[in-house]
Amino acid sequence: MSDITKQSLIELVENIKNKKLSSMDVTKAFIERSEKSKELNAYITEDFTSALDKAKKFDQKPNLDLKLPGIPMAVKDLFCTKDIKTTAGSKILNNFVPTYESTVTENIWKEGAILLGKLNCDEFAMGSSNETSFFGNVQNPIDKDLVPGGSSGGSASAVSGQLTPITIGTDTGGSIRQPASFTGTVGLKPTYGSCSRYGIVAFASSLDQAGPMAQNVKDCALLQEVISTYDSKDSTSIDFKRNQYSKELTNNIKGKKIGIPKEYRVDGMPKEIEDLWQKGIQYVKDCGAETIDISLPHTSYALPTYYIVAPAEASSNLARYDGVKYGFRAKGENLIDMYEKTRSEGFGAEVQRRIMIGTYVLSSGYYDAYYLKAQKVRKLIKNDFDEAYKKVDAILTPSTPSSAFKLGEKTNDPVSMYLNDIFTVPVNLAGLPGISIPAGHDAKGYPLGLQIIGKAFDEQNILNIAYAMEQKINFKNKITDWWIK
Amino acid sequence: MSIDLKTIKHISKLSRISVDEKRAKKLAGDLNSIFDFIEKLNELKTDNVEPLTSIAETTLKLRPDEVKSKNIREQIVKNSPQDNEDYFVVPKVIE
């Protein structure tokens, strides 16, 4: 079967359960395609030999009651995987081999999935184009020299290019949804507290969430069902009743009230994004939902707030990289010199920049003016959503203010790079779930995404809306395999 | 507001990241443009707003205070750049 890699996760699971395909067939197919796709630079670490071993073992005694029976998958290199190098895209962790497994990946392996390898990402997930990775930039399967978005750029590229049937990423300010939008794939950022952060390399602890990335909404729902569990090892994990997201998935969204926030119509937004949004509004109406104009008045303050809160938390989280306990160590004349050289040589430019911003806003004399101010505005942003959700069940917006851009186009201007996340950041600040689905193409033929934002813990509802819209949109990703010689 | 080279040197010291002159200049430029962008928050009056300190409005769960990981010394020092089997090794601190 040469078209194995074109199948959806749901189809692969069906075919393995019906014994039309073995885990070995599927694993081999994705490895072969990954081998031919080195130019995408989606992987940091390949684990193909053990993947084949695991597939063989699975086939000898297949447990077909599992949710991901013998399904191979690669994951973002931000999840600690026991005995497999985990770098977070950084030189400072280039030799780090975890002695434990993250809860989210543990959940995946328990359901029968097999690790293919670790996927490229921006260093410590700080970036919107995957260009800050120590292991080089990632190509977007849509077109040569196009960024796949970030920080989960390797993950998005691997799903879109069919090197893995599904994957997981992490999202602190848009790092799942923006790359999903740039690569014509589906990405869900769950409610804060839905997926355990245990064993995920920390960036900004009050914003980070793991989530699924897939070719379609149903695959995404199935993976969310697997990864979302209460975990006592993460003190911010929340014990709520989780749905069987894929089983309960329905395209019946009749009578749902969908909010359209006027503040997301930003200056300089290309007309094609506005047109796409209008089309999205028509789609949800066609599905029997009602749209209501709403206001989220503090939207334009979300990015400035984020660029205080996220770096502040990062500067604190990344203090642990001191060259003593693990990771890279530079030679120094004394202990302090060793710390300073280790961090100067071990971290890339963007990470250093954010540590410095964070250190500054937390430093004596500036804490109230910046950090406390940002915490207050964060409250106002959350209040906006609380107010809106008195009137609506979900909110529909574009995922990004533009389609994917060229490599190097925004690397010299940090602020223009940060503006990529203008529609995704408010969702993290408010701890809400958001999903990006591919909804159309721009004039260049590049994919564009729409975002559905839900109430906290209401993943099922936004998955349903996404599922209903997906059927109306009937999106086809234009993958030409340009990188395969 | 303007972040000068002296401030950059100060932050670099606090961050334990050594920065040479050339890099300090670049960082000053970057940080100034980022802080110009952040200044937008001053448009908002927030005197009577409670800061958001926790996104999830739940109380922390209590658990019994039990040791769950035992005898993992080897695992803990396994990734250290330099160790002496039982300890992390750092450059000499006390002369």
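**View 1. Strand 2 and strand 3 of chain A run side by side in the parallel sense**. In this predicted model, strand 2 of chain A pairs with strand 3 of chain A, residues 114-119, and the pairing extends over four bridges. Within this part of the structure, Pro72(A) stands opposite Ile114(A), a residue that belongs to strand 3 of chain A.

**View 2. An open sheet of three strands in chain A, with a helix packed on it**. The strands follow one another in the order 1-3-2, and their pairing is mixed. Strand 1 (43-46) and strand 2 (72-76) of chain A form the edges, since each of them pairs on one side only. If direction is ignored, neighbouring strands of this sheet are turned against each other by 35° on average. Helix 3 of chain A, residues 48-60, packs on the sheet and touches strand 1, strand 2 and strand 3 of chain A, while its direction makes about 160° with that of strand 3 of chain A.

**View 3. The contact between chain A and chain B**. Chain A brings 52 residues to this contact, and chain B brings 39 residues. On the side of chain B that touches chain A, the elements giving two or more residues are helix 1 and helix 2 (21-38) of chain B, and helix 2 of chain B gives the most, with seven residues.

**View 4. Confidence along chain B**. The mean pLDDT of chain B is 90, and 99% of its residues reach 70 or more. Among the elements of this chain, helix 1 (residues 5-15) of chain B has the highest mean pLDDT, 96, whereas helix 3 (residues 73-77) of chain B has the lowest, 90.

Terms used. Residues numbered from 1 in each chain as written. Chains lettered and ligands numbered in written order. Predicted model: local features only at pLDDT ≥ 70, side-chain atom pairs only at ≥ 80, totals over all residues. pLDDT = per-residue confidence, 0-100. Pairing = 2+ DSSP bridges. Axes fitted to C-alpha atoms, helices over the stretch in contact; angles between N-to-C directions. Contact = placed C-beta atoms within 7 Å.
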